[in-house]
Amino acid sequence: MLNRRGWLQAAGATLAAPVLAGCTLNPDKDHNGPNAPRAMLLSQPPRVAWVLSSGGPRGFVHVGVIKAMAGLGLKPDLIVGASAGAIVGSLCAAGVSAAELEAIALDMQPLSVARWAMGAEERLSGTAVADLVRERSPIALLEQMPTAMACVATRQRDGLPLAFTAGDVGLAVQASAAIEGQFAPVRIRGERYVDPDWTMPLPVRVARALGATKVIAVDATAHIDRAPEGAQRYRASDLRKKALVDADGAFADLVLKPDFGYWVSLSREFRERAIEAGYRDTLVQAAKLRALHAG
């Protein structure tokens, strides 16, 4: 079993395997065209926002949460996603159904979203993540999504989180999911961006800054109180992450933290378990969720 970053070590160990989706020859290309992601004010102020955290493979829990929300007939005005939350959230915001999201999550080969990053310090490139989102999303640009979407990434130069709300959805998601030190940063308009895992893994304050008056946050980070024997080496990073999550979680109206244990893996069984936990633990909060979404 693996922690969030341990699954990347598994990816590195299988770089020669055919499950990896080829290579990226120019991982530091500057994306500065008219559809390059950018931060823009939303055309309409949102009322209800869903905030989906980072979490690596734990992010499959977001699929279960969205499945439960759909079953309750609930929809947001805005989705804010970090890393794994940006991948799932962007597809949801584009109109992909909960059933289709679940099928994508269960059918995908997790290592297929990693490519060689030729010439970069990092081993991997997330261009396959961008391609996956573009292929599955019926909407190409963030500003055209039926539900407003913000993909949060960290500007590498100074550690500043930035919310992309316009431009190419695939590239915005790739930047949000570029796990620092593992995936090559994504250069957009001259600046390199990485995953916000160590700056703002649960970007509730971004949702508030974009105007949301009600915020439901989904925390897919580790349950450190469930850490078993053998997890001590991750305790410092877990505690650091918890401090970041708690700082933003204090600004949410409700924080959902579905429980599916501590360890993660790349298996289909793990994905099924994470999705089921998200579905089950969200339905437990049905009354509160309906009240928060009520007009």
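This is a predicted model: local features need pLDDT of at least 70, side-chain atom pairs count only at pLDDT 80 or more; totals for chains, interfaces and linings use all residues.
Residues are numbered from 1 along each chain as its sequence is written, and side-chain values use heavy atoms, with hydrogens and water left out. Helices (H or I, at least four residues) and strands (E, at least two) are DSSP runs numbered from the N terminus. The structure holds 20 salt bridges, and helix α3 has contacts with α5 and with α6.

- Two packed helices are described by the angle between their axes and the distance between the axes; here the axes are lines fitted to C-alpha atoms, for helices over the stretch in contact, with angles from 0 to 180 degrees between N-to-C directions.
- The axes of helix α3 (residues 84-93) and helix α5 (residues 127-136) come within 10 Å of each other and cross at roughly 15 degrees, which makes α3 roughly parallel to α5, a term that applies to angles under 35 degrees, while those over 145 count as roughly antiparallel, 65 to 115 as roughly perpendicular and the rest as oblique.
- The crossing of α3 with α5 is right-handed, the near helix being turned clockwise from the far one by less than a right angle.
- In this pair, I87, S90 and L91 of α3 meet V129, V133 and R136 of α5, where contact means heavy atoms within 4.5 Å.
- The residues of the contact of α3 with α5 divide into four nonpolar, one polar and one charged; Ala, Val, Leu, Ile, Met, Phe, Trp, Tyr, Cys and Pro count as nonpolar, Asp, Glu, Lys and Arg as charged, and the others, Gly among them, as polar.
- For α3 and α6, the axes come within 8 Å and cross at roughly 160 degrees, which makes α3 roughly antiparallel to α6.
- The crossing of α3 and α6 is right-handed, and A86, I87 and S90 in α3 meet V169, V173 and S176 in α6.
- The residues of the contact of α3 with α6 comprise four nonpolar, two polar and no charged.

**Salt bridges around D131**

- The side chains of R115 and D131 form a salt bridge with an N to O distance of 2.9 Å, the term standing for a side-chain nitrogen of Lys or Arg within 4 Å of a carboxyl oxygen of Asp or Glu.
- This pair links distant parts of the chain, with R115 in strand β5 (residues 115-117) and D131 in helix α5, 16 residues apart.
- R115 counts as buried at 17% relative accessibility, whereas D131 is partly exposed, with a relative accessible area of 32%; buried means under 20% relative accessible area, exposed over 50%, and partly exposed in between (1.4 Å probe, protein chains only).
- D131 also meets R134 in a salt bridge (3.1 Å, N to O), and because R134 and D131 are three residues apart in helix α5, they are separated by about one helical turn.
- R134 counts as partly exposed at 37% relative accessibility.

**A salt bridge between two loops**

- D259 forms a salt bridge with R226, the closest N and O atoms being 2.6 Å apart.
- The two residues are 33 residues apart and link distant parts of the chain, D259 lying in the loop between β12 (254-256) and α9 (268-283) and R226 in the loop between β11 (214-218) and α8 (235-249).
- D259 is partly exposed, with a relative accessible area of 29%, and R226 also counts as partly exposed, at 42% relative accessibility.

**Buried and exposed positions**

- Q174 lies in helix α6 (residues 169-176) and is buried, with a relative accessible area of 8%.
- Leaving aside its neighbours within four places in sequence, Q174 is in contact with S125, G126, T127, A130 and V186.
- Helix α2 (residues 61-71) is mostly covered, eight of its eleven residues being buried, among them V61, H62 and V63.
- α2 is followed by G73, whose phi is positive, near 75 degrees.
- V284, found in the loop between α9 and α10 (286-293), is exposed, with a relative accessible area of 65%.
- V284 and D131 are 153 residues apart in sequence and 35 Å apart in space, C-alpha to C-alpha.
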